[in-house]
Structure formats: structure tokens, C-alpha cells
Amino acid sequence: MTGIIVVGVDGSGTARKAAETARDLAVSLGATLHVVSAFDSDRTEVFGSGSDKWIVSDAGNAEKVARSVADSLRTSSLNVTYAAARGKPAEALVAEATRSGAQLIVVGNRRMQGLGRVLGSVANSVAHSAPCDVYIAKTDAAD
């Protein structure tokens, strides 16, 4: 399989475990790993004064998270890309998978038990609307 595997990250430990699983799958399948972090609003703040200004936005923060995880997963034998995607996490992952023509989305199983299972989870939402296969990684187990 040469193709694209999409994984969503948010800076949490469970998302990191899912990303590591996605990396291992991508290496074994010869696929590109596409790391995505979602943002849901257009909040933007400007800091500084005069000509020295810094713009901080939700999109910028999401991209920073995706880039950081992508950089930590990159190896000489693995092509890793990253992006920030607008929307709630499940919607953003599905949209990125559709846009990139992904063959697989990897998500963690966080919130798939108890009340979270009833109310919904990213994994559940992705599984019901993905344009491709979905791999649910076990990320809630203690190491």
C-alpha cells in the first residue's frame, strides 16, 4: 500500500499513542503519514506594540501541535506531513481524509466506554462518516 494514513492529534497522551500506532502502520505499509490537528474557531489575538507584533490564532496553535507531533514521528524511511484543519475533531479528520484521498484514518479509543460511548466520541463519529477505512487504536491502556 502506498497511500496516505491520517491521524488526529491534540497534544494529549492518548492522541500521541494513536499517532505512534499510525506511524508504525505507515512504516509497515509504505504509506505517507498525515498528522492533523483540529481547530474550531477563528479566535485571533495580536500581541506587541508598534511594528513588533505577533499574531496568535487557534489555527496557528493547531498547526504548531500538528507540526510538533509530525516532527517527532518523522524518520528517514517515513514521509510525514501535517496540517491544521477547521472543524470539530471528527469533522476535521474526515474532511482531511477526503481532501487528501487517504486510505486509512487512525483514531484512539478514548471516550469509547461508559458515558462517552453513549454521548459519542471522535472514534465513533469518524467511523460513521469516514470516506475510507478506520483503525481504532487502543490508547486507554496503562503502560
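Me: Where does Gly87 lie?

Reply: Gly87 sits in the loop between β5 (80-86) and α3. Keep in mind that this is a predicted model.

Me: What makes Gly87 count as buried?

Reply: Set the value against the cut-off. Buried means under 20% relative accessible area. Gly87 has 10% relative accessibility, so Gly87 counts as buried.

Me: Which residues is Gly87 in contact with, leaving aside neighbours within four places in sequence?

Reply: Gly87 is in contact with Ala38, Phe39, Asp40 and Ala92. Take Phe39. Gly87 and Phe39 are 48 residues apart along the chain, yet their C-alpha atoms are separated by 5.8 Å.

Me: Why is Val65 called partly exposed?

Reply: Exposed means over 50%, buried means under 20%, and partly exposed is in between. Val65 has a relative accessible area of 25%, so Val65 is partly exposed.

Me: Where is Val65 found, and what does Val65 touch beyond residues up to four places away in sequence?

Reply: Val65 belongs to helix α2. Val65 touches Val9, Asp10, Gly11 and Ser37. Between Val65 and Tyr82, the C-alpha to C-alpha separation is 9.3 Å, and the two are 17 residues apart in sequence.

Me: How do you know that the span of α1 agrees with what a helix should give?

Reply: Helix α1 covers residues 13-29, which is 17 residues. At 1.5 Å a residue, α1 should span 24 Å. The end C-alpha atoms are 24 Å apart, so the two values agree.

Me: What makes the buried residues of α1 lie on the same side?

Reply: First, the list. Ala15, Ala18, Ala19, Ala22, Leu25 and Ala26 are the buried residues of α1. They cover an arc of only 120° around the axis, so they are on the same side of α1.

Me: Which exposed residues does the face of α1 turned away from the buried side carry?

Reply: That face carries Gly13 and Ser28.

Me: What covers the buried residues of α1?

Reply: Strands β1 (4-8), β2 (32-39), β6 (104-108) and β7 (133-137) are among what covers them, and so is helix α2 (58-73). Just after α1 comes Gly30, with a positive phi of about 70°.

Me: How does the reach of α2 compare with the expected value?

Reply: α2 has 16 residues, and 22 Å is expected at 1.5 Å a residue. From first C-alpha to last, α2 reaches 23 Å, which is close to that.

Me: Which residues of α2 are buried, and why are they said to be on the same side?

Reply: Asp58, Ala62, Ala66, Val69, Ala70 and Leu73 are the buried residues of α2. Their arc around the axis is only 100°, which puts them on the same side of α2.

Me: How do α3 and α5 cross?

Reply: Their axes come within 8 Å and cross at roughly 35°. The crossing is right-handed. On the α3 side, Pro89, Ala90, Leu93 and Val94 take part, and they meet Val122, Ser125, Val126 and Ser129 in α5. By class, the contact has 6 nonpolar, 2 polar and no charged residues.

Me: How many helices and strands does the protein chain have?

Reply: The chain has 5 helices and 7 strands. From the N terminus on, they run β-α-β-β-β-α-β-α-β-α-α-β.

Me: What share of the 143 residues is buried?

Reply: Buried residues make up 38% of them. As for contacts between residues at least 6 apart in sequence, 72% join residues at least 24 apart.

Definitions and conventions: Residues are numbered from 1 along each chain as its sequence is written. This is a predicted model: local features need pLDDT of at least 70, side-chain atom pairs count only at pLDDT 80 or more; totals for chains, interfaces and linings use all residues. Side-chain values use heavy atoms; hydrogens and water are left out. Axes are lines fitted to C-alpha atoms, for helices over the stretch in contact, and angles run from 0 to 180 degrees between N-to-C directions. Helices (H or I, at least four residues) and strands (E, at least two) are DSSP runs, numbered from the N terminus. A crossing is left-handed if the near helix is turned anticlockwise from the far one by less than a right angle, and right-handed if clockwise. Contact means heavy atoms within 4.5 Å. Ala, Val, Leu, Ile, Met, Phe, Trp, Tyr, Cys and Pro count as nonpolar, Asp, Glu, Lys and Arg as charged, and the others, Gly among them, as polar. The expected span of a helix is 1.5 Å times one less than its number of residues. Buried means under 20% relative accessible area, exposed over 50%, partly exposed in between (1.4 Å probe, protein chains only). The arc is that of the directions from the helix axis to the C-beta atoms.
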